[in-house]
Amino acid sequence: MRHFYTNRADKGGSAIMDRKPFLFNNDVVMMMCYPDKNDDYYYRNAQGDEIIYVSQGSGTLETAYGNMKYSSGDYIVIPRGILHRYVMNDEEHSFLIVESPGEVRTPRRYRNEYGQIIEEMKRRSQSAIAWRV
């Protein structure tokens, strides 16, 4: 078993440009980010879907589909090609980012036959609200 001291990585910078990869293979890249400033531009990831675990901090994710508030403990799923940017509240932030060139989607057991998220998912998982994008 290995232990990665991700909290020792350089802190600060942008939520997009200052991500530090620590594990990767052909299917996934895992990165940490400790941003301390808001970007004045929007970003679109053409490489893959992203799952962001908000370990620390809160703010708003602005997208073309509307704004979504996030806080510590949330998971944010951003499909490939979605224009977005983070507007962070004035506090420390820590993100664990998983980027995958393949599609990221909710497990089949949480969707009905039409692909919609079922009500039971909300009862099973407190973080179900994070699957909003």
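Asp27 sits in the loop between E1 and E2, where E marks a strand; strands (at least two residues) and helices (H or I, at least four) are DSSP runs numbered from the N terminus. The structure is a predicted model, in which local features need pLDDT of at least 70 and side-chain atom pairs count only at pLDDT 80 or more, while totals for chains, interfaces and linings use all residues. Residues are numbered from 1 along each chain as its sequence is written, and side-chain values use heavy atoms, with hydrogens and water left out.

**Asp27 and its surroundings**

- Asp27 counts as exposed because its relative accessible area is 54%; exposed means over 50%, buried under 20%, and partly exposed in between, computed with a 1.4 Å probe on protein chains only.
- Not counting residues up to four places away in sequence, Asp27 touches Glu99, Ser100 and Pro101, where contact means heavy atoms within 4.5 Å.
- Asp27 and Pro101 are 74 residues apart along the chain, yet their C-alpha atoms are separated by 6.5 Å.

**The chain as a whole**

- The protein chain has one helix and eight strands.
- In sequence order, the pattern is β-β-β-β-β-β-β-β-α.
- Of the 133 residues in the protein chain, 35% are buried.
- Among contacts with a separation of 6 or more, 60% are between residues 24 or more positions apart.

**Salt bridges**

- The structure has two salt bridges, each being a side-chain nitrogen of Lys or Arg within 4 Å of a carboxyl oxygen of Asp or Glu.
- One of them joins Arg19 and Glu50, with the closest N and O atoms 3.1 Å apart.
- Arg19 lies in the segment before strand E1 (20–24) and Glu50 in strand E3 (residues 49–56), so this pair ties together parts that are 31 residues apart in sequence.
- Arg19 and Glu50 are both buried.
- Glu62 and Arg85 form a salt bridge as well, at 2.8 Å from N to O.
- Since Glu62 belongs to strand E4 (residues 59–63) and Arg85 to strand E7 (residues 84–88), the pair ties together parts that are 23 residues apart in sequence.
- Glu62 counts as buried because its relative accessibility is 16%.

**Arg19 in detail**

- Arg19 is buried because its relative accessible area is 13%.
- The Arg19 side chain reaches the backbone oxygen of Ala15 at 2.9 Å.
- Arg19 and Glu50 also make a polar contact between their side chains, at 3.1 Å; a polar contact is a pair of N or O atoms within 3.5 Å, where within protein one must be able to donate a hydrogen and the other to accept it, and residues adjacent in sequence count only if both atoms are side-chain atoms.
- Leaving aside neighbours within four places in sequence, Arg19 is in contact with Met31, Met32, Cys33, Glu50, Tyr86 and Ile97.

**Asp39, a buried charge**

- Asp39 lies in the loop between strand E2 (29–33) and E3.
- Asp39 is buried yet has no salt bridge; for charges, Lys and Arg count as positive and Asp and Glu as negative, while His and the chain ends are not counted.
- The nearest side chain of opposite charge to Asp39 is Lys37, 5.8 Å away.
- The side chains of Asp39 and Ser14 are joined by a polar contact of 2.8 Å.
- Beyond residues up to four places away in sequence, Asp39 touches Ser14, Ala15, Ile16, Arg85 and Tyr86.

**Aromatic rings**

- The whole structure holds four aromatic pairs; rings of Phe, Tyr and Trp (its six-membered ring) pair if their centres lie within 6.5 Å, and planes under 30 degrees apart count as stacked, over 60 as edge-to-face and the rest as tilted.
- Tyr53 and Tyr75 form a tilted pair, 4.9 Å centre to centre with 50° between the planes.
- Because Tyr53 lies in strand E3 and Tyr75 in strand E6 (residues 75–78), the pair ties together parts that are 22 residues apart in sequence.
- Tyr53 is partly exposed, with a relative accessible area of 26%, and Tyr75 is partly exposed at 34%.
- Tyr86 and Phe95 form a tilted pair with a centre-to-centre distance of 5.3 Å and 35° between the planes.
- Tyr86 is buried, with a relative accessible area of 2%, and Phe95 is buried at 1%.
- Ring pairs link Tyr70, Tyr86 and Phe95 into a cluster.
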